[in-house]
Amino acid sequence: MQGKSYTPARKNLDEDFPLRGTVTCSDCGNVLTACWTKGRNKRYPYYYCFSKGCESYGKSIKRDTLEGEFADFLDDLRPAEVLVKHIQQMVRIWWDYRASQTKERAKALAQRSQVIARKIDSLMEKLVEADSSTIIRAYESKIKKLENRTGCDR
Ligand SMILES: [Zn+2]
């Protein structure tokens with residue numbers, strides 16, 4: 001609660017005390033532990049500092065109090081304005097980069113398409129002049145393949 005935080009010490013944190021091992025004592029800085037305390041008729045959930053020598057040693061904080069304060073703390077967290085501006089700039093740079101990449105790719109595809117169209121035209125001219133049925137079939141097959149690469153339909 002004083003700004004220090006630690007990653008949970010255990011993977012399998014007790015579902016009853018999600019902040020156990022995460023929130024630290026404001027006096028000694030060690031992580032708080034938690035347990036159920038027996039009352040007259042029922043059990044009550046508490047967080048504790050059990051660090052020997054700490055002035056808060058053994059002092060309890062009701063689970064609802066601590067977790068409520070923690071929720072308020074999270075609500076108050078806001079990114080700094082300078083950080084927000086920095087992120088906006090980064091997104092803008094990334095966006096421009098992607099846009100220029102897309103433009104380059106479109107240009108390259110258009111060039112490729114023109115090259116293939118020229119090849120098809122050249123094969124068409126040869127096809128018209130061919131007199132062997134075997135050569136004609138070979139040209140037709142080659143043209144078909146090129147057409148499939150451009151996606152055009154003749
Ligand atoms: Zn303590």
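This passage describes the fold, the packing and the exposure of a single chain in a predicted model.

The chain contains 3 helices and 3 strands, and from the N terminus on its elements follow the order β-β-β-α-α-α. The mean pLDDT of the chain is 87, and 88% of the residues score at least 70. Among the elements, strand 3 has the highest confidence, at 94, whereas helix 3, which covers residues 133-150, has the lowest, at a mean of 88.

The strands form an open sheet of 3 strands in the order 1-2-3, and their pairing is antiparallel. Strand 1 (33-38) and strand 3 (60-62) stand at the edges with a single partner strand each, so one side of each has no neighbour in the sheet. From one strand to the next, the twist averages 45 degrees. In general, the strands of a sheet pair through backbone hydrogen bonds, in either a parallel or an antiparallel manner.

The pairing can be followed residue by residue. Strand 1 and strand 2, the latter made of residues 43-48, pair in the antiparallel sense over 6 bridges, and a hairpin of 4 residues joins strand 1 to strand 2. Within this pair, T33 has Y48 of strand 2 as its bridge partner, while T37 stands opposite Y44 in strand 2. Strand 2 is also joined to strand 3 by 3 bridges, and these two strands run antiparallel; here Y47 stands opposite I61 in strand 3.

Helix 1, formed by residues 63-76, packs on the sheet and touches strand 1, strand 2 and strand 3, and its direction makes about 70 degrees with that of strand 3.

Which residues make up the largest nonpolar core? This core has 9 residues, namely F17, V23, C25, V31, L32, A34, Y47, C49 and L66. In soluble globular proteins, nonpolar side chains tend to be buried together. One member of the core, L32, touches R20, V23, T24, C25, Y47, Y48 and C49, when residues up to four places away in sequence are not counted. Over the chain of 154 residues, buried residues make up 8%. Of the contacts in the chain with a separation of 6 or more, 31% are between residues 24 or more positions apart.

The segment before strand 1 includes G21, a residue that is partly exposed, because 18 other C-beta atoms lie within 10 Å and a buried residue would need 20 or more. G21 and A34 are 13 residues apart in sequence, and their C-alpha atoms are 8.6 Å apart in space.

Helix 2, which runs over residues 81-129, has 49 residues and reaches 73 Å from its first C-alpha to its last, a span close to the 72 Å expected at 1.5 Å a residue. Is this helix largely buried or largely in the open? Of the 49 residues of helix 2, the number buried is 1, so helix 2 lies largely in the open. L109 is one of the residues placed in helix 2, and with 11 C-beta neighbours inside 10 Å this residue counts as exposed, because the limit for an exposed residue is 12 or fewer. L109 and T150 are 41 residues apart in sequence, yet 9.3 Å separates them in space, C-alpha to C-alpha.

The loop between helix 2 and helix 3 includes A130. This residue is partly exposed, since 16 other C-beta atoms lie within 10 Å of A130, a count that falls between the limits of 12 or fewer for exposed residues and 20 or more for buried ones. A130 touches I135, I136 and Y139, again without counting residues up to four places away in sequence.

Notes:
Residues are numbered from 1 along each chain as its sequence is written. This is a predicted model: local features need pLDDT of at least 70, side-chain atom pairs count only at pLDDT 80 or more; totals for chains, interfaces and linings use all residues. Two strands pair if DSSP finds at least two bridges between them. Axes are lines fitted to C-alpha atoms, for helices over the stretch in contact, and angles run from 0 to 180 degrees between N-to-C directions. Two residues are in contact if their C-beta atoms, placed from the backbone, lie within 7 Å. The expected span of a helix is 1.5 Å times one less than its number of residues. A nonpolar core is a set of buried Ala, Val, Leu, Ile, Met, Phe, Trp, Tyr and Cys residues joined through C-beta atoms within 7 Å. pLDDT is the predictor's confidence in each residue, from 0 to 100.
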